Structures are given as structure tokens and as C-alpha cells.
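Q: I have a protein model open and would like to learn how to read it. Could we start with a pair of helices?

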Amino acid sequence: MKLETIAIHAGTKITDSHKPAVQPITLATTFEHHEESLIYARAANPNRNALENVLAKLEHGEVAAAFSSGNAAGMSVFQALSPGDHIIAPDDMYHGLRNQLTGIFQGILTVDFVDMTQSENVSKAIKKETALIWIETPSNPLLKISNIKEICEIAQRNSIKVVCDNTFATPVFQNPLLLGADIVMHSTTKYLGGHSDIMGGALIGKSDDMFWEKIRNVQISGGAIPSPFDCYMLTRSIKTLPYRMKGHAEHAGIIATFLQNHADVEKVYYPGLKDHQGHATATSQMSGFGGMLSFLVKGGAEKADLVISKLKYFTNATSLGGVESLIERRAASEGPDTKTPQNLIRVSVGLEHLDDLLEDLDQALK
């Protein structure tokens, strides 16, 4: 099956004897004991099984595990490591997972944050205790690009696991498992959900190995699982993912060029721009550049806040990936320890008419 067909059909597993065209929602928490019984909903549920199947197929993986949030998915990887293990992570990393490493896992795991746009920095950071390399590309919020294949080759030579956060790119535009990664992570709250009304996370594994079994144990024993309704809604949303992403990427590319040529914009971060530092690498490993961009507005934090306040069609809100355009001054959301420039505005470009979005940005900047 091709991508669009996988998105529509791989999440449909009919267990109802009436054979409905759409999988029903199974709310049961327990199941009658028999040879193929699911036993208990924390371990498995028909809707979650269907969701995990379509996720695995989209990312070319053997196995998948769905979680109640992206943070829960990421944390399960860290929980599957052993005390004293060392992690190499990107210097521009989603702050929720970064805060886990520097807070919750402080004293349990060690971590070095490096600029992964230069693969040699990863090699230099490897220690004998290094057990995991965490890649995030494109990164949040600076849209940095890491060379997945190069980093995975480094990891394989040193017997180190690689997990790649593929939230910004989605499986529509990038498949890290095909480039050598062991596991792909998604905040399914974002583009896979696509409508700002589902919270979820997922991991997709290249193979069902011992490390994956540890992650699965964390999922089942820890119990941070999505509800049957959320699994149903997410599976439904994934059916339109390939077509939504084409629109997001088309709009983002045009808006990035518009902002790059605007007198009130200092710098634009979007891997589809030819002068982006990671453009060549992005072109080699992505089939599209996604719907996320960031830019520096001239005038500092106050000017950035003013611009956002003047917008009509961009909602000033955290999160991303919905059909509606979202915008925020990212440093204000990340808190006092942020390393993000105070005048950086992050944009999740939606599917409104492009002319309306361009006119709105122009009037706000002026």
C-alpha cells in the first residue's frame, strides 16, 4: 500500500459482526477469558491495536506503542534505560522533554546537549556510558536539521540506540527508520491528530527487540495509555494526514518566503528556504519541509507581542499541527530558563486561505 492508502485502511480493524465500514469504539475495560482474549484494556484495546497498526505501517516499523501524550511517549524511552546511562540530545530540543532530562531524571541519567547540525559533535560527545542518542529534526523551535543517516551510522558503530522525534516532519515527509533510527517518536497531539482536540503520543520501533520490550512494559505497567475514544479519533484524523500535510507545507513555504522579504523581519527559520543552514540535508532526507516555521521580528519581545496581538486569523496559543494557524512568542511559553531568542515567533501554518494569512501577517507587521 502507498502512504495515502495506509493512512485510510491500516487503522481499520473490524471486530463487530455487523461489519461496519468504520471501526466501532470499544469502551470495555475487561474482556472474557479465552484463547485470544485481550484480557484488560491497560494492556490492549481494539481501538489502540488499530491505531498502533497504522502508526507502524506509516513509519515502516514492526511495532508501535500509543501513549496518552507525547511527553509520556518520550518518558517511556528514558524509563527503559538503566540508572547511570548517558544520553546525547540536541541543543535545540522540545522543552518538555528537555525538562524531563534535566529535572525528573537528574541524578538517574546523565545528558549532554550538543549541536547536532554537525554530526561530528555527536561523535565527540560519546562516552562509554552512552546508551541513547536522541535526534529531533526539524527541531523545535529553531527548525535545525540533523543528518539522521550520518548520526545513525555513528550510533551503530558504537552500539548505541537512536530515537528520532519526527513530530514536525510527520511520516508524510520523513521516515527516520529507513535512515537507520531504531525508534521514532511522535506527539500525536500535533499533526497526526491535526485538529487540536486529541492528546496523545506514540513510539514506533524498527524491531521488537529487548529494548522495545522494556518500553512496552513501561507502557502497560505505567499505564499512560490513550482512551479508546482518543484512539478512535486519532485513527480517524490520520486518514486525512497525507493531504493535510501537503497543504500545510505549501502554505508554510510561501509564507516563509514572504516573511524573508519583509522589512520588519530579521530572520526566518524554515528548512525549505535555500539559505537555511540545513537546507541541503533536509532536501536529502525529507520529501517536504513541513508546516512549521519561526522568525525573528525586528524590535525585540515587545514588538513580537504587539505583532501577535494584531493578528486576526492566527490564534496566540501553544501547540501546533491543527488545521487552524497557531502562533506564539516561544520564549514566553518556555519560561525563564529558555534559550530561545525573546523576539522569536513560532508559527504553525494552518489550512486557511493563503491570501487571508498573508494579508493578516502583513497588516500585523506593519
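This is a predicted model: local features need pLDDT of at least 70, side-chain atom pairs count only at pLDDT 80 or more; totals for chains, interfaces and linings use all residues.

Q: Which residues of α3 and α4 make the contact?
A: From α3 come N71, G74, M75 and F78, and α4 brings G96, L97, Q100, L101 and I104. By type, the contact of α3 with α4 has five nonpolar residues, four polar ones and no charged ones.

Q: How are two packed helices described?
A: The general idea is to give the angle between their axes and the distance between the axes. Here, the axes of α3 (residues 70–79) and α4 (residues 95–104) come within 10 Å and cross at roughly 40 degrees.

Q: Now a single residue, please. Where is N166 placed?
A: Look in the loop between β5 (161–165) and α7 (170–173).

Q: Is N166 buried or exposed?
A: The general idea is that a residue under 20% relative accessible area counts as buried. N166 counts as buried because its relative accessibility is 0%. Leaving out residues up to four places away in sequence, N166 touches E59, T137, P171, Q174, P176, V184, M185 and H186.

Q: Which residues of helix α9 are buried?
A: In α9 (residues 228–238), they are P228, C231, M233, L234, T235, S237 and I238.

Q: And what do the buried residues of α9 pack against?
A: Their partners are α1 (3–9), α2 (46–58) and α10 (241–260).

Definitions and conventions: Residues are numbered from 1 along each chain as its sequence is written. Side-chain values use heavy atoms; hydrogens and water are left out. Helices (H or I, at least four residues) and strands (E, at least two) are DSSP runs, numbered from the N terminus. Buried means under 20% relative accessible area, exposed over 50%, partly exposed in between (1.4 Å probe, protein chains only). Contact means heavy atoms within 4.5 Å. Axes are lines fitted to C-alpha atoms, for helices over the stretch in contact, and angles run from 0 to 180 degrees between N-to-C directions. Ala, Val, Leu, Ile, Met, Phe, Trp, Tyr, Cys and Pro count as nonpolar, Asp, Glu, Lys and Arg as charged, and the others, Gly among them, as polar.
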